[in-house]
Each structure stands twice: as structure tokens, then as C-alpha cells.
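Notebook open, model loaded. I want to look up the cores first, then the pockets, then the cavities.

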Amino acid sequence: MRQPDGRSLTWAQFGDPDGRPIVVTDGAGSRLQGRLAHAWAADHGIRVLTPDRPGFFGSTDMPDATFASVADDVTALLDHLGLDRAGVFALSGGTAFGCAVAARHPDRVAALGLLGPIAPLEEVGGRAGMDRASALAFLLGRHAPFALSGMLRMIRWQTRRDLDRAAEQFTRMRPGPDQEVIRRPDAWPILRTSFPDISQSPTAAAREFGLMTRPWGFDPADIAVPTHVWAGGVDTVHPPHHAQWLAETIPGATLEVRDDTAIFGFLDDYPTILDTLAPD
């Protein structure tokens, strides 16, 4: 779609095209969660929309994009599709963007779901609890985005040269419980297809990592929609104390932390999660 300011906004759609709508905001450039949810969403009457943030896929780059501006893009997409309300399902690096939609446009959000969320770093001890790779990405995003962009370009080159090897290397970096789920026959082909999303736009991705290290520009305590938070207790990419902080800060939010799993451990719960978040 073409926006009033001339920018293009692209998106993907999964599940039931006539179903109850849910907007998914995942990590930088990723459509993975929409693909993972596709089969369950189709069977449960859910329409999953994954808007592409500036600089990814066909969405016009916007170097000064903020969480607020992306939230406004989401509601512009809802307007374009003739949708009054939608659930919002935010994961990982998409957490702040999903929260911004709920904070700025509560009348458009039926419910907010946060899975493996990343909270404002200044509120949760910075990079504490993260594995080395995740901590390094945030450090470089804040202080040397050009270096992070270079690393992502190398990953892109490796992905184009040998996709299976690159996806396997990514999987080995995940917590053990995540690796078990990722290698399942129903999950591995989808992750393999989605892996190139991560490095498709190194400059835009590095910019998002930097953005996540700074104040969000709004207070999550102002979110006034039903909110549900899920996290894995052994997740070192999305440390569970981030989920705990958000659940304590957002009024009325529910929290479920599973001690023996990480973010992919909730994959079999997607039917329940999607049904909880979708508007009636």
C-alpha cells in the first residue's frame, strides 16, 4: 500500500483470510512467526498480518523511524484493510513496536500478547542475562551500528552461499529446549525458509537494535488493553526478567513463565494464544 507521505508499506498474510485479525510484530525483518502460525491460524479462523517495518521487504526505508511511527503504520494498514480492531502479538525484537500500537491506539487493539519480550533495557539491567551473541548485538547497535551492519552482511553472504549451514549455526546458538523444537519436522522447514529474513536489510536491522537500547518514548504503564505475557525460564535471548518487568508494569497484565523452556517452547500453544488475542 502507498501511504499519504509517499512511503510504501508491505505486509504478508497467513492463516484464514476471512478470519479474526491479529497483527504480529516480530524481530527485525522477520515474518517467521506468521509462517509458524499459519496452519493453526487457518484451522482456527484467525487472519495473521505481519507488517514489514521500514527498510524490510518492500517497505520504504525510514532512517528516523520510531516505535510511535511504526505503530501508526500498523493502524494505517488496518484502515487500508477495513479493519476496526485486531489483536497484537509481539515477540522478541518486536516487543516495543507492539506495545506502542497498544499504547497509542488502544481503541484499535483487542488484546496484546507478549511472548519472549524485550523490555526497555534501562529498566531491566541492560544486557544482563543475555547470551554473548545477543548482548553483543545490542552493544553494537547502540555504539557501533556500522559494525553490526557489517556482521549482518556477512551472515547474509553465508546464508546465500549455504542456507542449510547458516540456519544450523543459528539453531546451535539457541537454548537447548529451543533447539529441540526448531528441529521438529513441522518447524525446521519454516525456520529454514525464514532465516534469510534476519539479514535481508543489515542497515535497517542494525538501526532497530540501536533503537531498542534507547527509551521507548512512551510508558508501558499507560497500556490499557488486556495484556498477556509469556516467557521461558531458560531463555538467554529474551531473559525472563524482561517479561516479569513488563507484566508488573502494564496494568492488569497476566504472566506465565515456564521454567524449562524458551520462546519456541510455546509453539504448540499458538492456537490458544491466537484465540485469546483475536477480537470477537
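Buried here means under 20% relative accessible area with a 1.4 Å probe, protein chains only. This core has 40 residues, and Phe67, Cys99, Leu112, Leu114, Trp216, Ile223 and Leu246 touch the most other members.

Housekeeping before I go on: this is a predicted model, with local features needing pLDDT of at least 70 and side-chain atom pairs counting only at pLDDT 80 or more, while totals for chains, interfaces and linings use all residues. Residues are numbered from 1 along each chain as its sequence is written, and side-chain values use heavy atoms, with hydrogens and water left out.

Helices (H or I, at least four residues) and strands (E, at least two) are DSSP runs, numbered from the N terminus. The top contributor is α3, with six residues.

I then clicked on Leu112 and listed its contacts (heavy atoms within 4.5 Å). Leaving out residues up to four places away in sequence, Leu112 touches Val88, Gly98, Cys99, Ala102, Ile223, Val225, Pro226, Thr227, His228 and Leu277. There is also a second, separate core of 32 residues, with Phe14, Ile46, Leu115 and Tyr270 among them.

On to open space. I used a 1 Å grid over the protein atoms alone: a pocket is an open set of points with protein on both sides within 12 Å along at least five of seven lines, a cavity is a set where a 1.4 Å probe fits but cannot get out, and lining residues have an atom within 4 Å of a point. Points are joined across faces, edges and corners, and a volume is the space filled by probe spheres set on them.

How much space lies in the largest pocket? I read about 1,000 Å³. Its lining counts 38 residues, and Phe170, Arg174, Ile198, Phe209 and Val237 lie nearest the centre. Two or more lining residues come from each of α1, α4, α5 (145–161), α6 (163–172), α8 (188–194) and α9 (202–212). The largest share is from α5, six residues. By class I have 24 nonpolar, ten polar and four charged; Ala, Val, Leu, Ile, Met, Phe, Trp, Tyr, Cys and Pro count as nonpolar, Asp, Glu, Lys and Arg as charged, and the others, Gly among them, as polar.

The second largest pocket has about 210 Å³. Of its 16 lining residues, Pro63, Ala65, Arg207, Glu208 and Leu211 are closest to the centre. Here α9 gives the most, with five residues, and the lining splits into eight nonpolar, three polar and five charged.

I counted four cavities of 30 Å³ or more. The largest has a volume of about 100 Å³, and of the 14 residues lining it, Gly27, Gly29, Ser30, Pro51 and Arg53 are closest to its centre. Its lining has three nonpolar, seven polar and four charged residues.

The second largest cavity holds about 50 Å³. Pro51 and Arg53 turn up in its lining too, alongside residues including Leu9, Val70 and Val74. Helix α2 (residues 67–81) gives the most there, three residues, and the classes are five nonpolar, one polar and three charged.

Definitions and conventions:
Core = buried A, V, L, I, M, F, W, Y, C linked by side-chain atoms within 4.5 Å. Buried < 20%, exposed > 50% of the residue type's maximum accessible area, 1.4 Å probe, protein only.
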